[in-house]
Amino acid sequence: MIWNLDELEEVKCDLCGSSMTEQIFLRADGLNVVECKNCGLCFVSPRPKKDLIAKMYDRGYFEKGKDECSSYGYDNYFGYSNRNYLLQRWEFMTNLIFDITKKRTGKALEIGCATGEFCYVLDKRGLKVLGVDISNSAILEAKRRYPNIDFFVGSVEDLPEKEKFDYIFAFEVIEHVLSPTEFFKTIKRLLSKDGIFVLSTPNYNCGKKVGLEHWIGFNGSFEHLYFFAPEILKMYGEKTGLSLMEWFTDDVEGVIQIHNKESFKKAFIKKVLNKLNLIEFSRKVKYYIVRPKYEFHCAKEGDGNDLFMLFYNK
């Protein structure tokens, strides 16, 4: 998507308020990625106006696989194969997070819950769970899959003042919000005393390591407005009264995919199955019969692409 000038607006640094920035990258959608000269926060400016940003998160956002040219959203989030992957990934992450925090009970909130797989994993562990997402279609699917879990369509800011949670999770959310400062303030308001906040986001330091022109963070997911390094997120926590417990990354290198013969072969098979209206059937077969096992690895204070940070409410 290429934006018109009248659809864009300049923004100051959300972390320190400075207007002094340096352009570091021009994305394929025509938008500038800049870095604050004062604090180092990386963000898009000018960026699409608020009402236009909201329109990007329809059902199509979760079905990127139906539009191979799309640079927004997720590849078939509603599909069976993705569900299997997510359930295994979240089982691994839940074990890791609980080992770090030593906290395994209470009320949990997931912001940006999509189709509810992480909420399901938490529910199985005995936590009382609420899932929130701005996508009505995603919440409808989550309710269909997991009818015994509470799900809510809307923004986390819509939750009442009295609500308190022992755990708040926000995976791949903060890079989408209009103001990370306001987002952190909302988290602070909703966390109980000694509550835990866990977030994940693409690791800007990984981009610097592999080269910004090769980093997937700047070559896809063009709905992202911010790009965070661990030290920047630590500053956000300190700004709003949340203390950093620990951070780690996965082992994904974060380099844009280079198409080879094997990837072209897979794309061709997918195209044929789609033409024959058999692609969803093939995904169901894979989900119910093949059930591939995935391996996940994380490194404490690593340089992988997916960054996970744990904060607690002092």
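## Phe197 and its contacts

Contact here means heavy atoms within 4.5 Å. The model is predicted. In it, Phe197 touches Ile168, Ala170, Phe183, Phe184, Ile187, Leu191, Leu242, Met309, Leu310 and Phe311, with residues up to four places away in sequence left out of the count.

Phe197 sits in strand β10, which covers residues 191-202. Is this residue buried or exposed? Phe197 has a relative accessible area of 0%. The cut-off for buried is under 20%, so Phe197 counts as buried. Met309 is 112 residues from Phe197 in sequence, yet their C-alpha atoms are 8.2 Å apart in space.

## The nonpolar cores

Phe197 also stands out in the largest nonpolar core. This core has 54 residues. Which of them touch the most other members? They are Leu41, Leu109, Phe183 and Phe197. Helix α5, residues 180-190, gives the core its largest share, with 4 residues.

Ser179 lies in the loop between β9 (165-171) and α5. Its relative accessible area is 18%. That value falls under the 20% cut-off, so Ser179 is buried too.

Where does the side chain of Ser179 reach? It comes to the backbone nitrogen of Glu182, at 3.2 Å. Ser179 is also in contact with Asp14 and Tyr226, once neighbours within four places in sequence are set aside. Tyr226 belongs to strand β11 (226-227), the strand taken up next.

## The four-stranded sheet

An open sheet is built from 4 strands. What is their order? The strands run β2-β3-β4-β11, and the pairing is antiparallel. Two of them form the edges: β2 (21-26) and β11 (226-227). Each edge strand pairs on one side only.

β2 and β3 (residues 32-36) run antiparallel and are joined by 5 bridges. In one of these pairings, Phe25 has Val33 of β3 as its bridge partner.

## In brief

Phe197 is buried at 0% relative accessible area and is among the core members with the most contacts to other members. Ser179, at 18%, is buried as well, and its side chain reaches the backbone nitrogen of Glu182.

How values were computed
Residues numbered from 1 in each chain as written. Predicted model: local features only at pLDDT ≥ 70, side-chain atom pairs only at ≥ 80, totals over all residues. Heavy atoms only, no water. Pairing = 2+ DSSP bridges. Helix = DSSP H or I, 4+ residues; strand = E, 2+ residues; numbered from the N terminus. Core = buried A, V, L, I, M, F, W, Y, C linked by side-chain atoms within 4.5 Å. Buried < 20%, exposed > 50% of the residue type's maximum accessible area, 1.4 Å probe, protein only. Polar contact = N/O pair within 3.5 Å; in protein donor to acceptor, adjacent residues only side chain to side chain.
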